[in-house]
Each structure stands twice: as C-alpha cells, then as structure tokens.
Amino acid sequence: MKEMSEIIRVEDVWFRYEGADFWALKGVSLTIKKGELLAIIGQNGGGKTTLAKNLNGLLKPTKGRVMVDGLDTKTTPTYEIVKRVGYVFQNPSHQIFESTVWKEVAYGPTNLGLSQEEVKQRVEWAISEVGLQGYEQYNPYDLDYGKMKLLTVASVLAMKPQVLILDEPTTGQDHAGRHLLSNLSKKLNREGFTVVIITHDMRFVAETVNRVVLVSNGEILMDGSTREVLNAFDILKKAAIKPPQIVQLASELRKKGVDINALTVEEALQEILKHYKG
Ligand SMILES: Nc1ncnc2c1ncn2[C@@H]1O[C@H](COP(=O)(O)OP(=O)(O)OP(=O)(O)O)[C@@H](O)[C@H]1O
C-alpha cells in the first residue's frame, strides 16, 4: 500500500479561550495524513470545534503547536493556513454574504488573486462538484437548507484547499440531505481531498468515514478505525455517545453466536444475505 504523507500534526495542544478559567483542550496530539477521511466526534462542549479551528489557524494553541503542511500555525500568516485547510461552518448563514450563488463561490478564488479565467474555471468546477449547476444566478437565501449547505462546501472547494473541514454537516438535514453529504464527502475524498468531519451524528459517521477521533472533556479518548471506535461501547459511554443501532444489534447478535460485524444497514443486509444464501 502507498505510504500516506502527513498534512496536519497537532503536538500536545492546550487551548484556553481568552478570559476563560478552564482548558478547552488539554494536551491533544493527533496526526492527519493526506487522503484521510476521518471524523472528530464527541458530546456537546467536548472540544470538537475548538480542535477543528486549531487545525486551520482560526484559533492558535495556547500551548503546544499545530503544523499544517510543515507550517507552524502560530508563526505563519493565517491566510496561508486557510488556503490549505478550508472550513465549512455549521451554520450556512455565518458564511454566505454574496447576492448570487456564482458570486458567493467566486469570492474565495478572487481573493486569492487568480485571473478571471481561472476564477471562472474554479467556480464552474466547484458548482458541478456539489451538483448545483443551474442555480448560479439564484440568491443563496432562496435555496433550500440542503442546497445552501452544498453552496458553502462549493465556496470552500473553489479555494482548492488540501484539507476540507466540515463542521456538523448534517445539522438541519433530512435523510436525503444526509445521504447526499455522505456521498459528497466520500467522492471528494476519492478525488484526493483530505476530509475531516466534526459531528455527533453516529449514523453519518458509520456510513461515511474510515477513522474516528473521540474527543471528550478537551482530551482524545480514542483514535482508531470506525469499526474499532463504534464498537468500544464502554469508552463511548464515558463520552455520553450512543453507538448506531445497527452496531448495537450486531453486538447483541455476536453474543448469541451470530457472526456479524456490520456498521450500516447495507452491511448488515449483505452479511445476513450471505449467511442465508451460503
Ligand atoms: N468563545 C468561547 N469563549 C469561551 N469558552 C468557549 C468559547 N467557545 C467554546 N467555549 C467552551 O469551550 C468548550 C469546548 O467547546 P467546543 O465548542 O469546542 O465544543 P464542541 O465539542 O464543539 O461542542 P458543540 O458540539 O456544542 O459545538 C466548551 O466548554 C465551550 O463552552
């Protein structure tokens, strides 16, 4: 297998918000390799967003350091970091401020100082990546919530960052929207983007990512494959997280001697059919 090189390294990071009397991050260390598709999970207030904002230089560690593509976020201008690590905010209205979809997506690449032709190519590419062709002249606020979310992804993609951070992408999404975002995350990852998803949506995690970092109370409780972490019931419980129902069902079935290790409905279906057909 091809050795993946490192894109982000978090070294013993401690973070305290100005004026706060507690540490939001307490000695977090983490390495993210190019081409990974991972989730940072944890209960509300555990430190996920604080960690994610330290990954793209929006926040700088109080102690310790974060290296992005070999650059120390504390001593490198933030725009150099933001160019490499794009952040899609949880709430689209915190990110959208132009009057059309086209202008919104063009904003980032224009600010990078690219030629008009290059901006045009990037906008067309980013809009088609997320499937918003035909909506270029819409006012972003006339789009439904799911499409608004796709627009914020396109705006960040148009900057062609190496890493894409999606903060709680499934909040406010219906089933179809969640499915679309899961497929989009996987597609972008296949195309070479490193994708980091911050979420407490365990079903989305099971369906989407390969690696899971569990953050609780400002610390990393576990870092492993999706299958390992979602099956570590005792550790998840410490972080007040319930594994997806399919994972719980598979665990109960294993106790009864049924050989099943599914994370998703599709996997369970395949394993069950194999059993019956075999
Ligand atoms: N601007 C701020 N000033 C002071 N404290 C903050 C600030 N933002 C977050 N915190 C605190 O830092 C801790 C970690 O918050 P953080 O937002 O990183 O958690 P989270 O896991 O992302 O939670 P959520 O899912 O609710 O976003 C919490 O105790 C939170 O109240």
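Predicted model: local features only at pLDDT ≥ 70, side-chain atom pairs only at ≥ 80, totals over all residues.

Me: What makes S7 and S8 a pair?

Reply: Pairing needs at least two bridges. S7 and S8 have five bridges, so they count as paired. Within this pair, Ile165 stands opposite Val196 of S8.

Me: In what order do the strands of the sheet come?

Reply: The order is S6-S7-S8-S3-S9-S10. These six strands form an open sheet with mixed pairing.

Me: Why are S6 and S10 said to stand at the edges?

Reply: Strand S6 (85-88) and strand S10 (219-225) each have a single partner strand, so one side of each has no neighbour in the sheet. From one strand to the next, the twist averages 15 degrees.

Me: Which helix packs on the sheet and touches S3, S6, S7, S8 and S9?

Reply: That is helix H1 (residues 48-55). Its direction makes about 155 degrees with that of S8. Helix H5 (residues 145-157) lies across S6 and S7, at about 165 degrees to S6.

Me: Why is Phe89 called partly exposed?

Reply: Buried takes 20 or more other C-beta atoms within 10 Å, and exposed takes 12 or fewer. Phe89 has 17, so it falls in between and is partly exposed.

Me: Where is Phe89, and what does it touch?

Reply: Phe89 sits in the loop between S6 and H3. Leaving out residues up to four places away in sequence, Phe89 touches His94, Gln95, Thr152 and Asp167. Phe89 and Leu166 are 77 residues apart in sequence, yet their C-alpha atoms are 6.8 Å apart in space.

Me: Which residues of H3 are buried, and what covers them?

Reply: In helix H3 (residues 101-111), the buried residues are Val101, Glu104, Val105, Ala106, Gly108 and Pro109. Their cover includes helix H4 (116-129) and H5. After H3 comes Gly113, with a positive phi near 80 degrees.

Me: How many residues of each class are in the shell around the ligand?

Reply: The shell has three nonpolar, seven polar and one charged residues. Among the residues around the ligand are Tyr17, Gly45 and Lys48.

Me: How far apart do the C-alpha centres of domain 2 and domain 3 lie?

Reply: They lie 41 Å apart. Domain 2 covers 97-160, and domain 3 covers 244-277.

Definitions and conventions
Residues numbered from 1 in each chain as written. Helix = DSSP H or I, 4+ residues; strand = E, 2+ residues; numbered from the N terminus. Axes fitted to C-alpha atoms, helices over the stretch in contact; angles between N-to-C directions. Contact = placed C-beta atoms within 7 Å. Near = placed C-beta within 6 Å. Nonpolar A, V, L, I, M, F, W, Y, C, P; charged D, E, K, R; others polar. Domains from an automatic or database assignment.
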